Amino acid sequence: MAIKEGATDAGLTAGASAGLLRGAWRSVFGSDLWYSFTRSKITVISGAITLVLVVSALLAPMISPQNPLDLSSLNLLDALDPPVWMEGGSFDYPLGTDGQGRDMLSAILFGARLSLIVGFASVVFALIMGVSLGLIAGYRGGIVDGIIMRFADVQLSFPAILIALLVDGIARSVLPHDLQDQIATYVLIIAIGVSGWVQFARTVRGSTMVEKSKEYVQAARVIGVHPIRIMLGHVLPNVTGPVMVIATIYLAVAIITEATLSFLGVGVPATQPSLGTLIRIGGNFLFSGEWWITLFPAVMLAVLVLAVNLLGDWLRDALNPKLR
Amino acid sequence: MIAFIIHRLVQSVAVMLVVALIAFALFNFVGDPINNMVGQDTTAIQRDQLRADLGLNDSVVVQFARFVGHAARGQFGLSYEQARPVSQLILEKMPATLELSLIAAAMALLAGLPMGVYTGLHREGFIARTMMAVSLIGVSLPTFLIGILLILIFAVVLGWLPSYGRGPVVQLGWWSTGLLSVDGWRAVILPAITLALFQMTLIMRLVRAEMLEVLRTDYIKFARARGLPNRVVNFGHALKNTMVPVITITGLQLGSIIAFSIITESVFQWPGMGLMFIQAVSFADIPVMSAYLVLIALFFVVINLVVDLLYYVVDPRLRINRDAAHGN
C-alpha cells in the first residue's frame with residue numbers, strides 16, 4: 001500500500017516533493033502499523049530505546065569522548081578509575097575506565113556499534129540465504145525441496161550457538177593464520193548467519209507453496225515469465241510480512257550469539273572489542289572490586305536485546321491477522 | 001510403525017555420518033597438528049616420526065574409514081595437547097557435565113512447572129504478571145550474562161557461594177561426584193541456576209500456554225459444571241493434558257542443556273566437557289574437538305529419536321496423521 005501511494009504521488013510534477021512528503025508522512029503515521037505501535041506503551045518505550053541506542057552506536061566515532069581503538073589516546077595513569085559518582089571518579093570518564101585506561105562510556109558505544117553491525121549483517125546474511133533457499137525449495141518442490149529441508153531439519157535439531165561455534169571453528173582452522181584478525185569479523189558474521197537461515201527458509205517455503213498455487217502465479221507462468229522473476233517479483237513481495245518478524249526476532253538472537261562467541265573468546269578480535277569482549281575482559285576484574293568494567297557493557301547488552309525482543313514481539317502480534 | 005522406526009533410524013545414522021564427516025574434515029583442514037604438539041627445538045626427524053605414529057601420512061579415505069571405525073568403538077586417538085587418549089579425557093570430564101546438566105534440568109522442571117500452572121490459572125494477577133516479566137528477561141539475557149551477574153551478586157558482593165570449580169570431588173569407580181559434600185552442593189548452585197534459567201522460563205511459558213489452551217476446552221467446562229472442586233479440575237484434568245508436550249520439550253531440551261553447558265562451564269570454570277571443548281578450540285586440539293562434536297551429536301540424535309518414538313506411542317492422533325500422510 002505504502003509503495004503504491006508513493007508511486008502515484010511521484011507521478012504528479014507540480015509541487016511533487018511536498019505531496020510526496022505528505023504522502024509518505026500519511027503512509028507511515030496514518031498506517032495501521034503505526035496505530036498499533038502507539039497503542040502499546042512498552043512498545044513505544046522499547047522502540048525509543050532501540051532508536052537511541054542504534055543512533056548513538058552509529059554516531060559513536062563522533063559523540064564518544066575518546067576513541068578507544070586509538071591506543072595513543074589512552075593514559076595508563078587513569079586505569080581502573082571508578083565511575084563519576086564514586087570516590088576517585090572524574091567527569092573525564094563518566095562510567096570509569098578499564099585496566100588500560102580506556103573510557104568505559106566510549107568503549108561501550110564502540111562495542112555496541114560493533115555488536116549492532118555484526119548483528120545486522122548476520123541477519124542480512126541469514127535472510128538472504130534462508131529466503132532464497134526457501135523460495136527455491138517451495139517453488140521447485142520435489143528432490144530440491146527434499147534436500148534443502150532435510151538439511152534444515154538436521155541443523156534445527158542442534159542449538160544455533162553450537163552451529164555458530166562449529167562454523168567459526170572450522171573457518172578459523174581453514175583460513176591462514178596471519179589473515180585471521182582481519183577477517184575474524186566477517187567469519188563471525190557468516191557463522192552466525194549460517195546458524196540462523198533455517199527459520200527464514202521454513203517460513204518462506206511454506207508461504208511460497210501457498211502462493212504458488214494461486215491464480216496470479218499460474219497466470220504468470222502461463223504467459224512465460226521466467227521462474228526467477230516469478231519468485232522475486234511475484235511470490236517474494238507476498239511473503240515479506242513473516243520474514244520481517246523473523247528478522248527482528250533474529251536480530252536479538254544474533255546479537256546474543258555474537259556476544260556469547262566474543263565472550264568465549266572466539267568472536268571478534270580483541271583489538272576491536274564488542275560488548276561480549278568487554279564483558280569477558282571485565283570478568284577478570286570482578287574479584288578485585290572493579291565491577292563497572294563488566295556491569296556497564298552487560299547492562300547495555302541486556303537493554304539492547306530486551307528492547308529489540310519487545311519490538312519483535314509487537315511486530316509479530318501486529319502483523320498476525322489472527323489477532324486483529 | 002516398524003517402517004517409521006526404520007525410517008527414523010536410517011535418518012539418525014545419516015546425521016551421525018554427516019557429523020563424523022565434519023569432525024573428520026576438521027582433522028584434515030586444520031593446519032599442522034604436529035606444530036601444536038611439539039616444542040620449537042624438536043628436530044625434523046622427530047616430527048616425521050610423530051606424524052607417522054599418529055597416522056597423518058595415510059590417504060584421506062583410509063583416514064576417514066579408520067576414523068569412523070575408531071569412533072564407533074569410542075576411540076578418538078590421543079589429545080594433541082595432553083598426549084593422552086581422548087576417550088579417557090572425556091570419561092573424566094563427563095560426570096561433571098552430566099551432574100550439572102541433570103541438576104539444572106531438574107531445577108528447571110521443578111520450578112518451571114508450578115510457575116507455569118500458576119501463571120496459567122491466575123493470568124491477570126500481579127504475581128503472574130511479574131513472573132511473566134521476569135521470564136522475558138530470562139529469555140532475553142544471554143546465558144553468560146546471567147552467570148556473571150550471579151557471580152557478581154552471590155560470590156563477590158554477598159560472598160555466600162563459590163564462583164568457580166566443583167568443590168571437593170569423591171571418586172566412585174570411574175565416576176567422580178561432587179555431590180557428596182556440602183561444599184560440592186554449594187559449588188553447583190550458581191552454575192545450575194545459570195544453566196536452568198532459560199529452560200525454566202521456556203517450560204513455564206509452555207505450560208502456561210498449554211494450560212490456557214486446555215482450560216478453554218469443553219471437557220473442563222463440563223467438569224466444572226459437574227461441580228468438581230477447582231483443585232481436581234486444574235490438576236487432575238487440565239494439567240494432566242498439558243503433560244505430553246511438556247515432557248517432549250523437556251526431553252529435547254536436555255540435549256540443549258548439555259550443549260549450553262559449554263557457556264556455563266566457561267563462566268564458572270566448571271571442569272566438564274564444555275570447558276574441555278572450549279580449551280580444545282583455543283589449542284586447536286582436533287581429536288578432542290571432534291570427539292566432543294560426535295558425542296554431542298550422538299546425545300542429540302538419541303534424545304530426538306527417543307522423543308519422536310515416545311510421541312508416536314503416546315499421541316494416537318499423530319499416528320493417524322502420519323500414516324495418512326505416508327499413504328499407509
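Predicted model: local features only at pLDDT ≥ 70, side-chain atom pairs only at ≥ 80, totals over all residues.
Figure 1. Val305(A) counts as buried because 25 C-beta neighbours lie inside 10 Å, where 20 or more are required. Apart from residues up to four places away in sequence, Val305(A) touches Ala252(A), Ile255(A) and Ile256(A), and across the chain boundary Ser140(B). Val253(A) is 52 residues away from Val305(A) along the chain, and the C-alpha atoms of the two are separated by 8.1 Å.

**Figure 2. The side of chain B that touches chain A.** In this contact, 28 residues of chain B meet 30 residues of chain A. On chain B, at least two residues each come from α1 (2-29), α6 (126-140), α7 (143-157), α10 (230-268), α11 (273-283) and α12 (286-314). The helix that gives the most is α7(B), with seven residues. Sorted by class, this side of chain B holds 22 nonpolar and six polar residues, and no charged ones.

**Figure 3. Crossing of helices α11 and α12 of chain A.** Two packed helices are described by the angle between their axes and the distance between the axes. For α11(A), residues 215-222, and α12(A), residues 227-235, the axes come within 11 Å and cross at roughly 145°. The crossing is right-handed. From α11(A), the contact is made by Tyr216(A), Val217(A), Ala220(A) and Arg221(A). The residues on the α12(A) side are Ile230(A), His234(A) and Val235(A). By class, the contact consists of five nonpolar residues, one polar and one charged.

**Figure 4. Crossing of helices α5 and α8 of chain B.** The helix α5(B) spans residues 86-121, and α8(B) spans residues 182-215. Their axes cross at roughly 35° and come within 6 Å. As α5(B) passes α8(B), the crossing is right-handed. The residues of this contact divide into 24 nonpolar, five polar and one charged.

**Figure 5. Chain B as the setting for the α5(B) and α8(B) view.** Chain B has 13 helices and two strands. Of its 328 residues, 36% count as buried. Among contacts in chain B with a separation of 6 or more, 71% are between residues 24 or more positions apart.

Conventions: Residues numbered from 1 in each chain as written. Chains lettered and ligands numbered in written order. Buried ≥ 20, exposed ≤ 12 C-beta atoms within 10 Å, placed from the backbone. Contact = placed C-beta atoms within 7 Å. Helix = DSSP H or I, 4+ residues; strand = E, 2+ residues; numbered from the N terminus. Axes fitted to C-alpha atoms, helices over the stretch in contact; angles between N-to-C directions. Left-handed = near helix turned anticlockwise from the far one by under 90°. Nonpolar A, V, L, I, M, F, W, Y, C, P; charged D, E, K, R; others polar.
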